[in-house]
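Subject: Structure handover

Hello,

Here is the structure I promised you. Please open it first, then read my notes below.

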Amino acid sequence: MPTKSDLIGDFRTALAMLSRLPAGGGAVTPRIAWAFPPVGALLGAIGGLAYVLAATLHLPLWLAAFWALAAEIWVAGGLHEDGLADSADALGAEASPARRLEILRDSRIGVFGALALILALGIRASAIAAIAAMGGAGAVLAAMMVAGAAARAAMVGVPFLLAPARRDGLGAGLGRLPAGASLVGVGLAGALALTLLGPGRALGVALIAALALFVVAGLAARRLGGYTGDIYGAVAAVAACCVLSLLAAVG
């Protein structure tokens, strides 16, 4: 049974892994999976607070939305955006699975990666601006926290659906995530959504995040034969787009 000290250490390790914040932490182990959604909520809160500040300065909705994204992405080190771009280049290539895995390792960005980044940022900014127009800065803060947690909860599901596509790299190194720790993380994300959004919208968030996971995982299974660390990032990025879009639609 993990102690309080163990849980704090898990959170710090997950925070150091998923952001550029000086969190310290210890060795990365599969048990830290429970902390991914809370870390996502924290990163979303930072973006949401940036929106609140921008709104206080009376910036236009769209400009404030982009500043909110800039703050969140900078603190997160662009980790999931990098995974999305690399995954888009690899999954979009007409090549063998082995060649697609080589493309994943290429640090250069291609057409598919550039398009994926442009569309993902545009979707998230548009959704944030729409949420702000309907509910104000407080609604943006809640939405970004929920989206951050739900995106990382979706990410936790990757190794339960796919096998590693190769034996090295972050994805394989993290290994099979413990079911118990993963369920705790998903439960924390669900509790946050329920608290901030109510049961109806929280259920919608859970369903749309799960859909994002299954779509990206299905593409990875067919095009790569499994998952890599970049697929984790792609799942998180796509889930964030879907959750924010849903919240923009339902108000």
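R108 counts as exposed, because its relative accessibility is 63%. The cut-offs are these: buried means under 20% relative accessible area, exposed means over 50%, and partly exposed lies in between (1.4 Å probe, protein chains only).

A word on the source. This is a predicted model, so local features need pLDDT of at least 70 and side-chain atom pairs count only at pLDDT 80 or more, while totals for chains, interfaces and linings use all residues. Residues are numbered from 1 along each chain as its sequence is written, and side-chain values use heavy atoms, with hydrogens and water left out.

**Salt bridges**

R108 forms a salt bridge with D106. Their closest N and O atoms are 2.8 Å apart. D106 is partly exposed, because its relative accessibility is 23%. The term salt bridge means a side-chain nitrogen of Lys or Arg within 4 Å of a carboxyl oxygen of Asp or Glu. By this rule there are six salt bridges.

D10 and R31 form another of these pairs, with their closest N and O atoms 2.8 Å apart. This pair links distant parts of the chain. D10 sits in helix α1 (residues 4–18), R31 in the loop between α1 and α2, and 21 residues separate them. Helices here are DSSP runs (H or I, at least four residues), numbered from the N terminus. D10 is buried, because its relative accessible area is 4%. R31 is partly exposed, at 33%.

R124 and E72 also meet through their side chains, at 3.5 Å from N to O. Here too, distant parts of the chain are linked: R124 is in helix α6 (residues 111–156), E72 is in helix α3, and they are 52 residues apart. Both R124 and E72 are buried.

**A loop residue**

Where is H58 found? It is in the loop between α2 (36–56) and α3 (61–76). Phi of H58 is near 65 degrees. That is a positive value in a residue other than glycine. H58 counts as exposed, because its relative accessibility is 71%.

**A buried serine**

S182 lies in helix α9 (residues 179–197). Is S182 buried or exposed? S182 is buried, because its relative accessible area is 4%. What does S182 contact, leaving aside its neighbours within four places in sequence? Its partners are A33, V156, F160 and L177. Contact means heavy atoms within 4.5 Å.

Best wishes

Key
Helix = DSSP H or I, 4+ residues; strand = E, 2+ residues; numbered from the N terminus.
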